[in-house]
Amino acid sequence: MPFERLDYRGRMTDAVLRAPTPRIDAAMVATGATALEVAEQCMLPAPRLIEADLQGVLAGVPVTLETVVPGTAAWPPPSSAERLRTAGAALARVHAVAMAPREPAVPATTDRRGRLRRRPPCGPDADDTTAAESR
């Protein structure tokens, strides 16, 4: 996958443009964008969303521009107990984020130009009282 080097928040970083493919549709691109926003706002280790054009206004198709996290998702066999504990701890942080379901994903999370709106899903500024009360 080709990466682009750009200035993001005052530092040079690698970025990748994600768009629909035969396996990933527009709704999945929007879900991914929302997940990256949640991850950043909840301080979870994940790529950062640089920009999103979820309506395809600028790109012609829904796209996200994301930072690249070095590494791979492939697990070398056999996995050590320490590696499994580390992965489990990371997954526990992700699953600790309480959010109420919302449908449809794109209109609920984008502005008129198709850009992602920034709403905190966790913490004291969350706009979803159901999720906040369930913590």
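Tutor: Helices (H or I, at least four residues) and strands (E, at least two) are DSSP runs, numbered from the N terminus. This is a predicted model: local features need pLDDT of at least 70, side-chain atom pairs count only at pLDDT 80 or more, and totals for chains, interfaces and linings use all residues. Residues are numbered from 1 along each chain as its sequence is written, and side-chain values use heavy atoms, with hydrogens and water left out.

Student: What separates the C-alpha atoms of P20 and T64?

Tutor: Along the chain, P20 and T64 are 44 residues apart.

Student: How many salt bridges does the structure hold?

Tutor: Start with the criterion: a side-chain nitrogen of Lys or Arg within 4 Å of a carboxyl oxygen of Asp or Glu. By that rule, the salt bridges number four.

Student: Which residue forms a salt bridge with R18?

Tutor: The closest N and O atoms are 2.9 Å apart. The partner of R18 is E66.

Student: Why does the pair R18 and E66 tie together parts that are apart in sequence?

Tutor: R18 lies in strand β2 (residues 11-18), while E66 lies in strand β4 (residues 63-67). So the pair joins parts whose separation in sequence is 48 residues.

Student: Is E66 buried or exposed?

Tutor: R18 is partly exposed at 35%. E66 has 8% relative accessibility. E66 therefore counts as buried.

Student: What separates R85 and E82 in helix α2?

Tutor: Their side chains meet in a salt bridge, 3.7 Å from N to O. R85 is exposed at 54%, and E82 is partly exposed at 49%. Both sit in helix α2 (residues 81-95), three residues apart, so the separation is about one helical turn.

Student: Which residue meets D14 in a salt bridge?

Tutor: D14 is partly exposed at 30%. The N to O distance is 3.2 Å. The partner, partly exposed at 49%, is R5.

Definitions and conventions. Buried < 20%, exposed > 50% of the residue type's maximum accessible area, 1.4 Å probe, protein only.
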